[in-house]
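User: I would like to learn how to read a ligand shell, a helix crossing and the confidence values of a model. Could we take them in that order?

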Amino acid sequence: MKVTLGSRFGIGILSLLFSVSIVATSFAQAGADSAAGAQPAAAAAAPAAGGAGGDIAAGEAVFNANCKQCHAFNEVVVGPALAGAVGRWPSEAALAKFIKYPQKVIDGGDPYAKGLYEKYKQYMPNHDFLSDADISNVIAYIKKGPTEPAATAATAGAPGAEAAATAGGGVDGGAFNIVLGILLLVLVIVLIVLILMVNILTRAVNNNDSIPAEDKAFIQQKTNFGAFFLSPAFKTFVIVVGVFFLAKAGYDRVYAVGIQQGYAPKQPIAFSHKLHAGMYEIDCNYCHIGVNKGKRATIPSVNICMNCHNAIKTKSPEIQKIWRAVRTNQPIEWVRVHNLPDLAYFNHAQHVKVGGVECQACHGDVQNMEVIKQHSTLTMGWCINCHRQTSVKAEGNAYYDKLLYLHKQQTKREMKVADIGGLECSKCHY
Ligand code: HEC
Ligand code: HEC
Ligand code: HEC
Ligand code: HEC
Ligand code: HEC
Ligand code: HEC
């Protein structure tokens, strides 16, 4: 196939574009990798308290914190379904008294309350720790019914966005890609302009009779594509690109050895975080009692499960497994998901309690996981990256006052974990 000088220019620029895009994508990859380390505390569990004031919003918060584990609106959980419950009582005052001291009311001979007890065969716990205002708020909330999930989803976004804004500092993957896009666009425009110019010039030369014939022939010569593809320059180009890709693929494979990101083994009991931590909003620390105290978050013992499952869904075969474990005094053999090598030291309390880092920043949206899975790479680069990007939560922590003062004298930059020794080998290695 023969083409003209204009297209030859085009080919040159196209191959330039091609190599630029190869380099660009590999850089974008690297950018995304480092940005991934920053994982903002996205979609942290929605705060219990509803939006702006109002009895119902306050009541919802009280309900979520104290009642949700036993009550739903349209189904029986441990206690009765609460839709229409307020109307089943002679007055709100009587109901308030019942919520505060159920056993007293039931044993006091209230026939309706006694009927409830006979049906559910357990006393609702006393709520004497709630104020009268809390109780009337929660009654207002029960009267109105649950709020639509859409509203809570909207508020759930807010803390994540805030964390993303404060994380800052490193390479921003989004902005990087926009700049790349603009660069590519500029190159394409330059290409078009060049082709137009070459066309105009060629035409001008063709129409100019004063140019000698052999020069014209040179300008009008055709390009031989076959020869182009066979030319040493093109072959070298192909080989270089090929080697580049192979090397990158090989490097990635070698680098991934020992990384277990995404590991989600089947567990001996079909325990769902989505149900417990998501739907029922049970606090992570209720089960992982170590997070604020020490190195290990700890996996809950069966006693913690039995706080609820001595009454909830006791007939389910999955719950029967918990009962069997209690009867035989055998621990449940959960499959461990996260596992750092022994050479590294990691402490939960340091991060969760002192650092104020959300579980989700490292473990992902656990409250949406049916089966738990390893969200982060857990590599040294991942730890270091976050230490470089995350500011120390120094306000209100007297331990950091002096450090913060010294830091502020030297620079206006926020004090990052890296500045307090978060990159020192001995902090993480025994
Ligand atoms: C540990 C489980 C548990 C918790 C927590 C709990 N309840 Fe109950 N609730 C029950 C049971 C069981 C009954 C049935 C009455 C009985 O046997 O005591 C009941 C009954 C009720 C009733 C009467 C329902 C009807 O049909 O008339 C209301 C209203 C109620 N609870 C509200 C609340 C509120 C409000 C809270 C939180 C402040 C709460 N409950 C917390 C277990 C619980
Ligand atoms: C009702 C108890 C309960 C609650 C609440 C709970 N968890 Fe768990 N969690 C467990 C149990 C049981 C396991 C072990 C079984 C499994 O891996 O699914 C576990 C496992 C995990 C693991 C994996 C541990 C490993 O093997 O490496 C992580 C991470 C985790 N939970 C984080 C969370 C976070 C974050 C929350 C709060 C959003 C939370 N959990 C709330 C009971 C709970
Ligand atoms: C800064 C990152 C980070 C944060 C924040 C974090 N974890 Fe972890 N978590 C890890 C790492 C790393 C491991 C693996 C530890 C090991 O193998 O020694 C782990 C392991 C676990 C385990 C299993 C092993 C153990 O330590 O008992 C559980 C359960 C767990 N995390 C729950 C939580 C909960 C719940 C929270 C929030 C309250 C939380 N984590 C916050 C990084 C984090
Ligand atoms: C604070 C109360 C609470 C605690 C603690 C708790 N659960 Fe649950 N669990 C529930 C509720 C509520 C349900 C939903 C019951 C339903 O679907 O009607 C549930 C459901 C389940 C189910 C599904 C049962 C089925 O057949 O649908 C399993 C499995 C389960 N829990 C395991 C556990 C294990 C294991 C633990 C201890 C690590 C635990 N739970 C601790 C409240 C709790
Ligand atoms: C999501 C961000 C994040 C990740 C990921 C993270 N850290 Fe941290 N780390 C912090 C913060 C914030 C602090 C500061 C806590 C404080 O104020 O003491 C910290 C502090 C530390 C400290 C104490 C440093 C000092 O100078 O006192 C050690 C040790 C540590 N981290 C180890 C690790 C290890 C090991 C890993 C990886 C397995 C890791 N961290 C991953 C955020 C992170
Ligand atoms: C913030 C915590 C942290 C700091 C600071 C840190 N490391 Fe690490 N390092 C880790 C973790 C976590 C691992 C395990 C990662 C893995 O298995 O991929 C690790 C692994 C290693 C390994 C073993 C690599 C392998 O593939 O087995 C070496 C060697 C090492 N680190 C050396 C260092 C040196 C030298 C320094 C100081 C310049 C240092 N580390 C600082 C957290 C840290």
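User: What does the shell around ligand 6 have by class?

Analyst: A shell can be read by sorting its residues by class and then asking where they come from. In this predicted model, the shell around ligand 6 has 10 nonpolar, five polar and two charged residues. Among these 17 residues, the ones that come nearest are Ala344, Met380, Cys383, Cys425 and Cys428. At least two residues of the shell are supplied by each of helix H18 (380-389) and helix H20 (425-428), and H18 gives the largest share, four residues.

User: At what angle do helix H3 and helix H6 pack?

Analyst: A helix pair is described by angle, axis distance, handedness and the residues that meet. Helix H3 (residues 92-100) packs on helix H6 (residues 132-144) at about 115°, the axes lying 10 Å apart, which means that H3 is roughly perpendicular to H6. Their crossing is right-handed. From H3, Glu92, Leu95, Ala96, Ile99 and Lys100 meet Ile135, Ser136 and Ile139 of H6, a contact with five nonpolar, one polar and two charged residues.

User: Where in the protein chain is confidence lowest, and where highest?

Analyst: The protein chain has a mean pLDDT of 81, with 81% of its residues at 70 or more; the lowest confidence falls in helix H7 (residues 149-167), with a mean of 39, and the highest in helix H17 (residues 359-363), at 95. Over residues 27-53 pLDDT stays under 50, although the model has 59 contacts beyond four places in sequence for them. Residues 150-171 are likewise below 50, with 29 contacts in the model beyond near neighbours in sequence.

Definitions and conventions:
Residues are numbered from 1 along each chain as its sequence is written. Chains are lettered from A and ligands numbered from 1 in the order in which they are written. This is a predicted model: local features need pLDDT of at least 70, side-chain atom pairs count only at pLDDT 80 or more; totals for chains, interfaces and linings use all residues. A residue is near a molecule or strand if its C-beta atom, placed from the backbone, lies within 6 Å of it. Ala, Val, Leu, Ile, Met, Phe, Trp, Tyr, Cys and Pro count as nonpolar, Asp, Glu, Lys and Arg as charged, and the others, Gly among them, as polar. Axes are lines fitted to C-alpha atoms, for helices over the stretch in contact, and angles run from 0 to 180 degrees between N-to-C directions. Angles under 35 degrees count as roughly parallel, over 145 as roughly antiparallel, 65 to 115 as roughly perpendicular and the rest as oblique. A crossing is left-handed if the near helix is turned anticlockwise from the far one by less than a right angle, and right-handed if clockwise. Two residues are in contact if their C-beta atoms, placed from the backbone, lie within 7 Å. pLDDT is the predictor's confidence in each residue, from 0 to 100.
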